[in-house]
Amino acid sequence: MSDEPVILINLLKVKPGKQDALIALLTENTDTVIRTLAGWKTTRLIASKDGAGVVIYSEWETSAAVEAMRSDPRMKAYLPEIMELASLDSILGSAALSRSR
């Protein structure tokens, strides 16, 4: 088994004027649900400067941990609220390149 994390990128296209509300909801979800789940390592919320998008970057220990998160009833309860504020696309993968200065 690799020590490399599984990376989940969620790309959210935000409805006009709803970015702050979405970030507040995602923060609440991260603090009350995501942080409690087995296999979770880190989450970053990235807000576009134009208010039209949010990226959720998260690292998980395994793909199975991501699937468990997606099927968690608490997570499912948040999804309709999130979808009221934005559309969602996801990418699941691993790092192909990482560079730092």
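**Where glutamate 84 sits**

Where is the place of glutamate 84? Glutamate 84 belongs to helix α3; helices (H or I, at least four residues) and strands (E, at least two) are DSSP runs, numbered from the N terminus. Because its relative accessibility is 57%, glutamate 84 counts as exposed (exposed is over 50%, buried under 20% relative accessible area, partly exposed in between, with a 1.4 Å probe and protein chains only).

**About the model**

This is a predicted model, in which local features need pLDDT of at least 70 and side-chain atom pairs count only at pLDDT 80 or more, while totals for chains, interfaces and linings use all residues. Residues are numbered from 1 along each chain as its sequence is written, and side-chain values use heavy atoms, leaving out hydrogens and water.

Let's start with α1. This helix has 14 residues and reaches 20 Å from first C-alpha to last, close to the 20 Å expected at 1.5 Å a residue (the expected span is 1.5 Å times one less than the number of residues). In α1, Gln19, Leu22, Leu25, Leu26, Asn29 and Thr30 are buried. They cover an arc of only 135 degrees around the axis, so they sit on the same side of α1; the arc is that of the directions from the helix axis to the C-beta atoms. These buried residues pack against β1, β2, β3, α3 and β4, where contact means heavy atoms within 4.5 Å.

Now for α2, where Ala65, Val66 and Met69 are buried. Seen down the axis, the buried residues of α2 fall within an arc of 100 degrees, so they line one face of the helix. Their packing partners are β1, β3, α3 and β4.

**A buried aspartate**

Aspartate 72 is in the loop between α2 and α3. With a relative accessible area of 13%, aspartate 72 is buried. Beyond its neighbours within four places in sequence, aspartate 72 contacts Val33 and Leu37.

**The largest pocket**

The largest pocket has a volume of about 330 Å³. A pocket is an open set of points on a 1 Å grid over the protein atoms alone where a 1.4 Å probe fits, with protein on both sides within 12 Å along at least five of seven lines; lining residues have an atom within 4 Å of a point. Grid points are joined across faces, edges and corners, and the volume is the space filled by probe spheres set on the points.

Of the 20 lining residues, Leu8, Asn10, Met69, Met75 and Leu88 are the closest to the centre of the largest pocket. Helix α3 gives the most to this lining, with four residues.
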